[in-house]
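Let us walk through this structure step by step.

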Protein chains: 2
Amino acid sequence: MDQRQDRALRARAEAVIPGGMYGHQSTGLLPDDYPQFFAKGRNAHLWDVDGNRYLDFMCAYGPNLFGYGHETIDAAYIGQLQHGDTLTGPSALIVELAEALTAMVTHADWAIFCKNGTDATTMALVTARAQTRRKIVIRARGAYHGSAPWCTPRPTGALDSERSHQIFCDYNDVASLEAAVAEAGDDLAAIFAAPFKHDAFVDQAEPDPTYAQRARQLCDQTGAMLVVDDVRAGFRLSRDCSWSRLGVQPDLSTWGKCIANGHPISALLGSDSARKGAAAIYATGSFWYQAAPMAAALETLRLIRETDYLGHLETLGQHLADGLRERAAAQGFGFRVTGPVQMPLFLFDDDPDLRKGFHWSSQMLAQGVYVHPWHNMFMCAAMTLEDMDQALNAADVAFKSLKKDGPGLQPVAKMAFLTGG
Amino acid sequence: MDQRQDRALRARAEAVIPGGMYGHQSTGLLPDDYPQFFAKGRNAHLWDVDGNRYLDFMCAYGPNLFGYGHETIDAAYIGQLQHGDTLTGPSALIVELAEALTAMVTHADWAIFCKNGTDATTMALVTARAQTRRKIVIRARGAYHGSAPWCTPRPTGALDSERSHQIFCDYNDVASLEAAVAEAGDDLAAIFAAPFKHDAFVDQAEPDPTYAQRARQLCDQTGAMLVVDDVRAGFRLSRDCSWSRLGVQPDLSTWGKCIANGHPISALLGSDSARKGAAAIYATGSFWYQAAPMAAALETLRLIRETDYLGHLETLGQHLADGLRERAAAQGFGFRVTGPVQMPLFLFDDDPDLRKGFHWSSQMLAQGVYVHPWHNMFMCAAMTLEDMDQALNAADVAFKSLKKDGPGLQPVAKMAFLTGG
């Protein structure tokens, strides 16, 4: 696998980007052979800067839902760009998009558009506090809700005071949720919830309906706002808010990533129960009124409504999960595929520093299949059953390689933090 | 002036957007005849949804530097979009853009790209705290540095604890800056500074070089980081960081708005003095690695380097400012044009609730010239001397109308807050 261009770019990046790269797209915590820089995306495939082609199970960490470079979605973007994009005010599309989303998402009566997922989750927090005139938010330990000071998983440079008034519970643990609510007393502004447990480094878990229903009930009893953070999972589990599958409607939900298939837009949706708070806050951004991403979002929503993308993702995901479990077992590995099949996470048993996962993932990469060793992955509608079979064939080779090389694998130094190192 | 489409959209927006619109592009604090929704932008002009055409002195609140729908900039965006935009990793353009900016901006050794101006200012704050391991930031009363809880000008829903560890001084007042530094003691992380005083509702002011130099000196003495927030003014005053004109180099500078001529990208630039802190923080966003806005930024920077846009903006701005002062004086008005001529703010003497400003601005609007009654405006390179003369002719009519109608003007209820109402 040629990596010369990637290595040359890394050397240049080291000079002009702190640490060589930042944020979730840094390869700092990926195997050393993973490319940092990409040149092209088309449908379900990526090409790195050295021309290597991959079936991409990360889908840009979520945004790619219908395929990279989707013809009608990109045409909607470009068409609107030629009329007007960032202007001195919004276009009519902001109203059309708010109408489209509130028509699709059961709990939603209104929308505010922004750019980052973190914009949406931060506005949800501020809106809940404005609406209730209370301070405390309950959220699950280990859940990711963005990278602002209040929620960033690596709080270097954030103040304790910026992270105050938060109480942590354990996802799916009703008793810990109830204890947190009791601790909040009469100052509970909101309960935040991921649609399922999609924390990094650990098995994913579907939401326990009892937990979700209890969260709703506790909010009703206390007057707090229930927030479902659907930034990562939105529209990959449902054509509605993800917890609608459990019969639970939040007051606020946060969206981003794939709602315009990779074009930059995120959203806070809310019920009338939170409208007054939302109207009272001040949040804005230079590009929040951009018309072109709204045009792309409208076309993406049309595809969500009018195609069988969701059934297709589930079919592909189930085929992949079943096939992987079978092939892992055949080689004697305990290999866990967790979470919804269309957003799976892969972990090996007895692999605390991920040395098995890193070796196996590198073997997949070498065969043109880009998987992630510790973060959930994403299926896109441009994938096919043939792609799944390619991935399964690659996995077979990778499991066999791991069986052969496993006993001699060295510790993964960069992941030593997982085992307290 | 036909407003039927605009009125119809406002009614629909009222249902699906809290308060009908949010943030800085809400017309809530503009005269009632200002359009909320726009259909098209081209060069220096805007069209609202009813087909009314305006010479636009807001330039999308800054992003439009070379004209709406700029041919080569938009071609760069679209060309890159067709290769790849939001992928599973950045493209080579992130390195090229970091190299281009650090080559142009004297103090900058590195760059981090993001979406909102607020992303950049918040990262500047967090980086300064990470670098210095201290907490306090000094900033000027009334200065806008974004809309996150720590800095939003309307803190409904934000906690006092999120806004702690800030000390306020008065812009250009060396004694108040020194007092703030003394108060911070050994816990000063950063001094934030706007490149000039561009607060809303009040006269703008150029930076006093003594103030800027003293800020640098105080940072050197205390080990704090100097941050110049160039999100709004960057590249409209200089092809370098705005305070380079005063011979003052910050440790960190924040950029956004026009660096890709309206395409969504912002940036934190830093010196080696802040590199360690920047590498230690965790901040990221779903679309921060988008390649298409970086392609557009590279083309925008090329135009900044290779054209005389800056001299052109100054010539236009001076012609406009001189002409307005002359026409105002001829009708007997005290009319103040403040700030750099390419980013002017207009205020009338003896106009505490802006009733004169509102009337005059509405008269300008009716003649196809979009000005703002209390926020600084922005010139773009697509404007011409003929455009300035059109604006001056319109102003002549507007001043005469104000002279006639002025004595009977009613209070502007929505601006009563300015006079404590």
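Chain A has eleven helices and 13 strands. Keep in mind that this is a predicted model. Along the principal axes, the C-alpha atoms of chain A fill a box of roughly 60 × 55 × 45 Å. Burial comes next. Of the 421 residues of chain A, 59% count as buried. In chain B, 94 residues are in contact with 94 residues of chain A. Several elements of chain B each supply at least two residues of the side that touches chain A: α1 (4-16), β1 (38-42), α2 (71-81), α3, β4 (110-114), α4 (117-132) and α7 (275-280). Which element gives the largest share of this side? It is α4(B), with eight residues. By residue type, the side of chain B that touches chain A divides into 45 nonpolar, 35 polar and 14 charged residues.

One helix pair spans the two chains. Helix α1 (residues 4-16) of chain A packs against helix α3 (residues 93-104) of chain B at an angle of about 35 degrees, with the axes 9 Å apart. The crossing of α1(A) and α3(B) is left-handed. From α1(A), the contact uses Leu9(A), Arg12(A), Ala13(A) and Val16(A). From α3(B), it uses Val95(B), Ala98(B), Glu99(B) and Thr102(B). The residues of this contact of α1(A) with α3(B) divide into five nonpolar, one polar and two charged.

Next, a pair inside chain A. The axes of helix α9 (residues 309-330) and helix α11 (residues 385-405) of chain A come within 10 Å and cross at roughly 20 degrees. Therefore α9(A) and α11(A) are roughly parallel to each other. Their crossing is right-handed. On the α9(A) side, the contact residues are Leu316(A), His319(A), Leu320(A), Gly323(A), Leu324(A), Arg327(A) and Ala328(A). They meet Leu385(A), Met388(A), Ala391(A), Leu392(A), Ala395(A), Asp396(A) and Phe399(A) in α11(A). The contact of α9(A) with α11(A) holds ten nonpolar, two polar and two charged residues.

Helix α5 (residues 174-184) and helix α6 (residues 209-222) of chain B pack at an angle of about 15 degrees, their axes 10 Å apart. So α5(B) and α6(B) are roughly parallel to each other. The crossing of α5(B) and α6(B) is right-handed. Val174(B), Leu177(B) and Val181(B) make the contact from α5(B). Thr210(B), Tyr211(B), Arg214(B), Ala215(B), Leu218(B) and Thr222(B) make it from α6(B). The residues of the contact of α5(B) with α6(B) divide into six nonpolar, two polar and one charged.

Most residues other than glycine have a negative phi. Phe235(A) has a phi near 65 degrees, a positive value in a residue other than glycine. Where does Phe235(A) lie? Look in the loop between β8 (225-229) and β9 (252-255) of chain A. Phe235(A) is buried, because 24 other C-beta atoms lie within 10 Å. His165(B) is not a glycine either, yet it has a positive phi of about 60 degrees. His165(B) lies in the loop between β5 (136-140) and β6 (166-169) of chain B. Its C-beta neighbours inside 10 Å number 19, so His165(B) counts as partly exposed.

Ser164(A) sits in the loop between β5 (136-140) and β6 (166-169) of chain A. With 15 C-beta neighbours inside 10 Å, Ser164(A) counts as partly exposed. Ser164(A) and Trp150(A) are 14 residues apart along the chain, and their C-alpha atoms are separated by 7.9 Å. Ala200(A) is in the loop between β7 (188-193) and α6 (209-222) of chain A. Ala200(A) counts as partly exposed, because it has 15 C-beta neighbours inside 10 Å. How far apart are Ala200(A) and Asn376(A) in sequence and in space? They are 176 residues apart in sequence and 7.2 Å apart in space, C-alpha to C-alpha. Leaving out residues up to four places away in sequence, Ala200(A) touches Trp374(A) and His375(A).

Conventions: Residues are numbered from 1 along each chain as its sequence is written. Chains are lettered from A and ligands numbered from 1 in the order in which they are written. This is a predicted model: local features need pLDDT of at least 70, side-chain atom pairs count only at pLDDT 80 or more; totals for chains, interfaces and linings use all residues. Axes are lines fitted to C-alpha atoms, for helices over the stretch in contact, and angles run from 0 to 180 degrees between N-to-C directions. Helices (H or I, at least four residues) and strands (E, at least two) are DSSP runs, numbered from the N terminus. Angles under 35 degrees count as roughly parallel, over 145 as roughly antiparallel, 65 to 115 as roughly perpendicular and the rest as oblique. A crossing is left-handed if the near helix is turned anticlockwise from the far one by less than a right angle, and right-handed if clockwise. Two residues are in contact if their C-beta atoms, placed from the backbone, lie within 7 Å. Ala, Val, Leu, Ile, Met, Phe, Trp, Tyr, Cys and Pro count as nonpolar, Asp, Glu, Lys and Arg as charged, and the others, Gly among them, as polar. A residue is buried if 20 or more other C-beta atoms lie within 10 Å of its own, exposed if 12 or fewer, and partly exposed in between; C-beta atoms are placed from the backbone.
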